[in-house]
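The sequence and model come before the notes.

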Amino acid sequence: MEKVVITRKIPQQFVAQLESVAQVEMWDESLVPMPRDQFLEAIQDATACFITLSETIDEEVITAAPHLKIIANMAVGYDNIDINLVNQNGIIATNTPGVLTETTAELGFTLMLTVARRIVEAEKYVQNGEWQSWGPYLFAGKDLNNANVGIYGMGEIGKAFARRLKGFNTNIMYHNRTRHKDDEEALGALYVPFDTLLQQSDFVICTAPLTDDTKDKFNAQAFEKMKKDAIFINIGRGAVVDEQALVHALQNEQIAACGLDVLREEPIDMSHPLLALPNAVIVPHIGSASVMTRNRMIQLCVDNISRVFNQEQPKTPIMSN
Ligand code: 8YV
């Protein structure tokens, strides 16, 4: 008998699909992850697990789960999984590329415009009853029109972001591990070295996954190179940014503002210095959070698990690095 462990509460319509082919053990909370010790116990006789980024898949998990055939990660990013270890043990890991691309790009765009036009500060000002009169520079922000926008990480989400920029009359630059010459004309995006992107961009958008190459890429040296009125947006992974260096850059006006959907530690510790800065807008990792996209991500995980149970290829396997 197959057994699936699901580490978050997901809608019954999806659970029912798995229940028709397997025994299902689902954690009953949607906002709190399954405790690690409970996860380790539940997977002992599991043949599949449906996880989120909250679960780290390492040696301890693999040792605890000798019958595991598939790990379905409800995310496109998979820095929470030791892929080489998983594959070496004959286990398939899958992620959710494609279905979340446009939704995540939309969140990035929302954050960019929100920060550029100081919407969060302005809204708080109204709510606090501080609005006395119209002012020539009251919450004067930054134009996207005619701006240089630098995208770091030109994967599917970076490209979707660039497509959106086309309607906003911007100059698009990008930097990526590999150059995408074939897409440059269609996207209207110029490939530049990382330092050029930092030096010339009015908006720097990070969509990069977390890898050994991208870790701490936005460090003190990087922020020093950026324009003093630059806006930094991160919809990739938190650890691509050295947050102490970011705080320093914001406090010392090395850059103007930031918008972050991802942080090194999630949820953020309420004593984090970023929370005290009016020019830092932080949202709780909601890049892919539209109802339709979350449904599609869950369905893709369910399909991948069902296929592996049927001895078919999963739709979206993660390959070893
Ligand atoms: C998810 C994400 O919401 O897919 C990713 O990599 O960052 C988001 O889409 C999140 O990771 C949920 O596990």
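## Backbone features in loops

Pro 267 sits in the loop that runs between β11 (257–260) and β12 (280–282). In this predicted model, the peptide bond leading from Glu 266 to Pro 267 is cis, and its omega is near 0°.

Asn 146 is not a glycine, yet its phi is positive, at about 70°. For context, a negative phi is found in most residues other than glycine, and most peptide bonds are trans.

## Ligand surroundings

Which residues surround the ligand? The shell consists of Thr 52, Leu 53, Met 74, Ala 75, Val 76, Gly 77, Leu 100, Arg 237, His 285, Ser 288, Arg 294 and Met 297. Sorted by class, this shell has six nonpolar, four polar and two charged residues.

From Met 74, a backbone N or O atom lies 3.0 Å from a ligand oxygen. Arg 237 places a polar side-chain atom 2.6 Å from an oxygen atom of the ligand. For Ser 288, the distance between an N or O atom of the side chain and an oxygen atom of the ligand is 2.7 Å. The ligand taken alone exposes 320 Å², of which the protein buries 88%.

## Packing of α1 and α12

The packing of two helices is described by the angle between their axes together with the distance between those axes. For helix α1 (residues 12–19) and helix α12 (residues 291–309), the angle is about 5° and the axes are 10 Å apart. Helix α1 is therefore roughly parallel to α12, since angles under 35 degrees count as such.

On the α1 side, the contact is made by Phe 14, Gln 17 and Leu 18. On the α12 side, Asn 295, Ile 298, Gln 299, Val 302, Ile 305 and Ser 306 contribute. By class, five nonpolar and four polar residues form the contact between α1 and α12, with no charged residues.

Technical notes: Residues numbered from 1 in each chain as written. Predicted model: local features only at pLDDT ≥ 70, side-chain atom pairs only at ≥ 80, totals over all residues. Heavy atoms only, no water. Axes fitted to C-alpha atoms, helices over the stretch in contact; angles between N-to-C directions. Helix = DSSP H or I, 4+ residues; strand = E, 2+ residues; numbered from the N terminus. Parallel < 35°, antiparallel > 145°, perpendicular 65-115°, else oblique. Contact = heavy atoms within 4.5 Å. Nonpolar A, V, L, I, M, F, W, Y, C, P; charged D, E, K, R; others polar. Near = heavy atom within 4 Å. Polar contact = N/O pair within 3.5 Å; in protein donor to acceptor, adjacent residues only side chain to side chain. Areas by Shrake-Rupley, 256 points an atom, 1.4 Å probe, with all protein chains shown as cover.
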